[in-house]
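This report walks through one protein model, from its sheet to the spaces between its parts. Please look over the sequence and the structure before reading on.

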Amino acid sequence: MSTIIPKLLTADEYWRLPGGTAFSELIHGEVHQTMPPGAEHGRIVLRLGAKLLAWVEQANAGYIGTEAGYLLETNPDSVRGPDLSYVRKDRIPATGIPKAFWRLAPDVAIECVSPNEPASEVREKVRDYLNAGTQLVWLIYPNTREVVVHTPDGRSQVYDEHDTLEFPAVMPGFRISLTEVL
């Protein structure tokens, strides 16, 4: 009996897949399909993204994007695409914003957690971002109207819809009341 061992993909091979990479991520060289997000998810991400974009443009603070791919690990490669992400201006390569995947970790990764997303997968995403150098990982929980912010020191802080988020060391000048988003 023979066994067929599937070939692990690199980030470059993943980028060139026919039909694109929508609603998937590359985890340890394997493509993992995801469900398209729901309507509430889309509204929350759009609201927060609009606030972040306004701040980035006004402050000339760097890059804000949605669903952009980040090569977080190599050999085997892992590419994650957070719902929203921020890269400080001083970390953007001299060549500019890449056409394909970023080859660095975002400073901030923001995920709006879907009700059917297993907790183990959410924890794995947080670990992947933090291990790659992300400074803040925000997990938005629409059902409980909370945001949990994770930091590289292993700590997390829960914020509810009445709280204000601001992280001057990573996002100088950005401040948002969660009532504006949730």
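Two strands count as paired if DSSP finds at least two bridges between them. The model described here is a predicted one.

## The open sheet

Strand 6 (residues 84–88) and strand 7 are joined by 3 bridges and run antiparallel. One of the residues involved is Tyr-86, whose bridge partner in strand 7 is Val-108.

This pair belongs to an open sheet of 6 strands, in the order 3-6-7-8-9-10, with mixed pairing. Strand 3 (62–65) and strand 10 (156–160) stand at the edges; each has a single partner strand, so one side of each has no neighbour in the sheet. From one strand to the next, the twist averages 15°. As a general point, the strands of a sheet pair through backbone hydrogen bonds, in either a parallel or an antiparallel way.

## Helices across the sheet

Helix 2 (residues 39–59) lies across strand 3, strand 6, strand 7 and strand 8 (136–141). The angle between helix 2 and strand 6 is about 15°.

Helix 3 lies across strand 7, strand 8 and strand 9 (146–150). Relative to strand 8, helix 3 runs at about 160°.

## The hairpin and a cis peptide bond

Ile-27 stands opposite Glu-30 of strand 2. The two strands form a hairpin with 2 residues between them, and His-28 in the turn has a positive phi of about 50°.

Another local feature lies in the loop between strand 4 (70–73) and strand 5, where Pro-76 has its place. Asn-75 is in the loop between strand 4 and strand 5 as well. The peptide bond from Asn-75 to Pro-76 is cis, with omega near 0°. Asn-75 also has a phi near 55°, a positive value in a residue other than glycine.

## Glu-117 and its surroundings

Where is Glu-117 placed? Glu-117 is in the loop between strand 7 (108–112) and helix 3 (119–132). Its side chain makes a polar contact with the side chain of Lys-125, at 2.8 Å. Leaving aside neighbours within four places in sequence, Glu-117 is in contact with Cys-112, Val-122 and Lys-125.

## The cavity

Rolling a probe the size of a water molecule over the atoms shows where empty space is left. A search of the whole structure finds 1 cavity of 30 Å³ or more. The largest cavity has a volume of about 30 Å³.

Which residues line the largest cavity? They are Glu-111, Cys-112, Val-113, Glu-117, Val-122, Lys-125 and Leu-139. Strand 7 and helix 3 each supply at least two residues of this lining. By class, the cavity lining has 4 nonpolar, no polar and 3 charged residues.

## The largest pocket

The largest pocket has a volume of about 910 Å³. It is lined by 41 residues, of which Thr-34, Met-35, Asp-83, Glu-117 and Lys-125 are the closest to its centre.

Several elements each supply at least two residues of the pocket lining: strand 1 (24–27), strand 2 (30–33), helix 2, strand 5 (78–80), strand 7 and helix 3. By class, the pocket lining has 17 nonpolar, 14 polar and 10 charged residues.

Definitions and conventions
Residues numbered from 1 in each chain as written. Predicted model: local features only at pLDDT ≥ 70, side-chain atom pairs only at ≥ 80, totals over all residues. Heavy atoms only, no water. Helix = DSSP H or I, 4+ residues; strand = E, 2+ residues; numbered from the N terminus. Polar contact = N/O pair within 3.5 Å; in protein donor to acceptor, adjacent residues only side chain to side chain. Contact = heavy atoms within 4.5 Å. Axes fitted to C-alpha atoms, helices over the stretch in contact; angles between N-to-C directions. 1 Å grid on protein atoms, 1.4 Å probe; cavity = no way out; pocket = protein on both sides within 12 Å on 5 of 7 lines; lining within 4 Å. Points joined across faces, edges and corners; volume = space filled by probe spheres on them. Nonpolar A, V, L, I, M, F, W, Y, C, P; charged D, E, K, R; others polar.
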